[in-house]
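Please open the structure in a viewer and follow the stops below in order. Each stop names a selection and then states what is found there.

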There are 2 protein chains.
Amino acid sequence: MTHKIKVFLGIDWGGTYIKAGLVDSQGKIVKKKVYCSSQLREKQGFINNLKLLLNDFSSFNIKSIGIGVPGIVDVEKGFIYYLPNIPGWEKYPLQSVLEKNLGLPVSIDNDANAFALAESRFGAAKGKKRAIFLTLGTGLGGAIISGGKLLEGKTSANELGHVPINLAGRLCGCGGRGCIETYVGNRYLLSHYKRLKKNKTKVKDVKELFQRGLDGEGEALVVWKEFSHNLGKFLAGMINVFNPQVIIFGGGVSGAFKLFKPLVAEEIKKQVMWPQNLGLKLVRAKLKNAGIIGAALLASEGIRNKDKGRSEKK
Amino acid sequence: MTHKIKVFLGIDWGGTYIKAGLVDSQGKIVKKKVYCSSQLREKQGFINNLKLLLNDFSSFNIKSIGIGVPGIVDVEKGFIYYLPNIPGWEKYPLQSVLEKNLGLPVSIDNDANAFALAESRFGAAKGKKRAIFLTLGTGLGGAIISGGKLLEGKTSANELGHVPINLAGRLCGCGGRGCIETYVGNRYLLSHYKRLKKNKTKVKDVKELFQRGLDGEGEALVVWKEFSHNLGKFLAGMINVFNPQVIIFGGGVSGAFKLFKPLVAEEIKKQVMWPQNLGLKLVRAKLKNAGIIGAALLASEGIRNKDKGRSEKK
């Protein structure tokens with residue numbers, strides 16, 4: 001049986017896993033599949049797995065494919081500049097290689113941009129023209145919606161995690177120093193906590209650190225207060241630049257939203273120019289499968305820079 | 001005699017002066033006038049002077065008026081939130097008051113945005129879709145062109161000078177702490193230099209500090225090196241976010257461009273994620289009367305958020 005309904009294949013690619021979904025034009029996931037394999041770090045393995053996936057989905061009317069990529073992408077030409085955590089993909093023309101191999105139009109972008117697009121169309125930023133998106137996890141992913149669209153760029157850009165917040169800061173994974181990511185990433189939070197505890201305690205993950213904060217444990221609260229101070233200060237600067245209507249918090253660390261939201265809001269208020277902050281809302285991300293839905297939106301909305309990109313060449 | 005050619009009145013309002021010009025659709029100034037008066041700080045004085053101005057220009061075919069305002073503006077509704085250096089204008093509906101008094105359509109925006117618009121249409125950023133604009137002077141004014149247009153906002157936004165660059169920084173005029181403005185403003189440069197000289201020398205202005213740097217004087221070079229370090233670090237963060245094609249330097253301190261450009265470029269390179277920086281150019285502002293021409297462009301291009309603003313209400 002062939003399904004008649006038009007769908008878009010959204011792929012959230014995290015390195016060793018693929019979360020794939022067929023998404024209809026209302027943002028509903030019609031079918032979902034998750035693959036886990038170290039093969040996915042390799043080019044040929046990645047392509048082969050996508051072929052298998054398309055085979056599994058062969059009864060569907062797939063119009064195009066979108067991929068959220070964990071790295072910096074040239075969105076005009078559809079190639080990967082590099083993936084910070086997966087070596088070997090430098091300057092790889094992923095879009096054209098996949099189009100040749102899979103026989104369908106492909107759009108690629110950064111995964112944080114895909115997340116932002118999904119939350120902007122169907123989630124916590126629905127109907128908003130200006131929004132800032134953060135994915136708080138090991139690193140700090142970021143994206144901007146301006147005028148209802150992803151901020152224009154030749155690259156996937158929007159690397160909010162790599163805005164320096166201290167002139168003489170720690171070395172960041174990106175090679176720079178003092179990036180906000182080095183002050184709010186979960187590795188930093190945990191190591192900072194252990195230092196405060198003089199290494200006399202174990203803490204499994206940020207979730208546990210969150211619970212200890214909720215329980216009122218002194219050192220855990222210190223960590224969350226500093227986290228909020230740093231994040232709020234950074235956000236105040238971005239609010240001064242973008243005048244967003246809403247800031248959306250996603251990613252694992254956003255589990256502690258209840259705890260840090262009032263502290264972040266307080267810090268923003270101290271630092272920001274007040275007209276920039278009028279009516280601003282701080283909100284948790286809403287969608288369960290934002291990565292997949294956003295990738296499908298990359299496919300259905302096409303690439304970003306239409307006047308220079310793929311849609312013109314064809 | 002009445003001139004037939006269609007012109008736009010651009011007004012660069014600096015507090016105690018008005019630089020006014022009639023600008024044609026090619027960005028050429030047909031006629032220019034400068035008024036200086038402390039009356040211009042007062043509402044009625046400001047309105048009266050604009051009436052006189054229109055009277056002087058009565059033989060011209062003026063289509064509309066644009067004003068670059070030294071403060072934060074609501075560009076949707078055309079009112080002033082506040083002017084940092086001129087008290088008494090809080091929440092003042094400048095646009096509607098002037099339209100009633102002058103009988104012509106009026107558009108208002110922040111003066112740094114007007115400058116950016118002029119350089120983007122006719123100056124150093126002509127033809128570029130993505131550009132960052134800095135006016136280096138007492139403070140640090142900033143503006144963004146994204147997708148060929150001013151970054152959208154309800155406010156005039158784009159307050160690049162008030163992005164914090166240090167977690168525990170000095171108090172800024174805006175009320176925040178550690179804003180980049182407090183590290184690159186001319187007052188800071190001069191006081192830093194005097195401190196290094198242990199107050200044993202006099203320096204008239206930044207121009208003289210620039211000359212001493214060019215002459216190779218140690219302390220002056222230290223000041224320019226630190227200036228460049230701070231500015232470059234800040235710009236790297238903005239480049240990571242915006243992926244601009246060009247950064248334009250205007251304002252009095254940009255007189256020292258020759259001296260600080262290579263140092264700023266070096267610092268950017270150290271800090272930035274390289275794909276964001278590809279092909280980026282650092283350039284001095286080009287236009288002589290960018291403030292006037294930009295204000296006229298505010299008039300000719302209309303207000304920014306057309307779907308919510310004045311152009312819809314009419």
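Select Lys129(A) and Glu152(B): their side chains form a salt bridge, with 3.2 Å from N to O. The term salt bridge denotes a side-chain nitrogen of Lys or Arg within 4 Å of a carboxyl oxygen of Asp or Glu. Across the interface of chain A and chain B, four salt bridges are found by this rule. The model is a predicted one, in which local features need pLDDT of at least 70 and side-chain atom pairs count only at pLDDT 80 or more, while totals for chains, interfaces and linings use all residues. Residues are numbered from 1 along each chain as its sequence is written, chains are lettered from A and ligands numbered from 1 in the order in which they are written, and side-chain values use heavy atoms, with hydrogens and water left out.

**The interface of chain A and chain B**

Keep both chains displayed and select the residues in contact (heavy atoms within 4.5 Å). Chain A contributes 48 residues to this contact, and chain B contributes 48 residues. The buried area between the two chains is about 4300 Å², and carbon and sulfur atoms give 59% of this area. Buried area here is the accessible area (1.4 Å probe) that two parts lose on being put together, summed over both.

Next, display the polar contacts across the interface. A polar contact is a pair of N or O atoms within 3.5 Å; within protein, one must be able to donate a hydrogen and the other to accept it, and residues adjacent in sequence count only if both atoms are side-chain atoms. Between chain A and chain B there are 29 residue pairs in polar contact, both residues at pLDDT 80 or more. Colour the elements of chain A that give two or more residues to the side touching chain B: β6 (79-82), α7 (218-242), α8 (257-271) and α9 (274-277). Helices (H or I, at least four residues) and strands (E, at least two) are DSSP runs, numbered from the N terminus. Of the elements, α7(A) gives the most to this side, with eight residues.

**His162(B)**

Move to His162(B), in the loop between β10 (149-150) and α4 (181-184) of chain B. Is His162(B) buried or exposed? His162(B) counts as buried because its relative accessibility is 7%; buried means under 20% relative accessible area, exposed over 50%, and partly exposed in between (1.4 Å probe, protein chains only). The side chain of His162(B) makes a polar contact of 3.5 Å with that of Glu181(B). Beyond neighbours within four places in sequence, His162(B) is in contact with Gly237(A), Asn240(A) and Met273(A), and also with Cys172(B), Cys174(B), Cys179(B) and Glu181(B).

Select Asp74(A) and Lys154(A), whose side chains meet in a salt bridge (2.9 Å, N to O).

**Ala112(B)**

Return to chain B and select Ala112(B), in helix α3 (residues 111-122). Ala112(B) counts as buried, at 7% relative accessibility. Apart from neighbours within four places in sequence, Ala112(B) is in contact with Gly141(B), Gly142(B) and Ala143(B).

**Two loop residues with positive phi**

Most residues other than glycine have a negative phi. Select Asn199(A), which has a positive phi of about 60 degrees although it is not a glycine. Asn199(A) lies in the loop between α5 (186-196) and α6 (206-214) of chain A, and counts as exposed at 63% relative accessibility. Finally, select Lys91(B), a residue with a positive phi of about 50 degrees. Lys91(B) is in the loop between β6 (79-82) and α2 (94-102) of chain B, and at 58% relative accessibility Lys91(B) counts as exposed.
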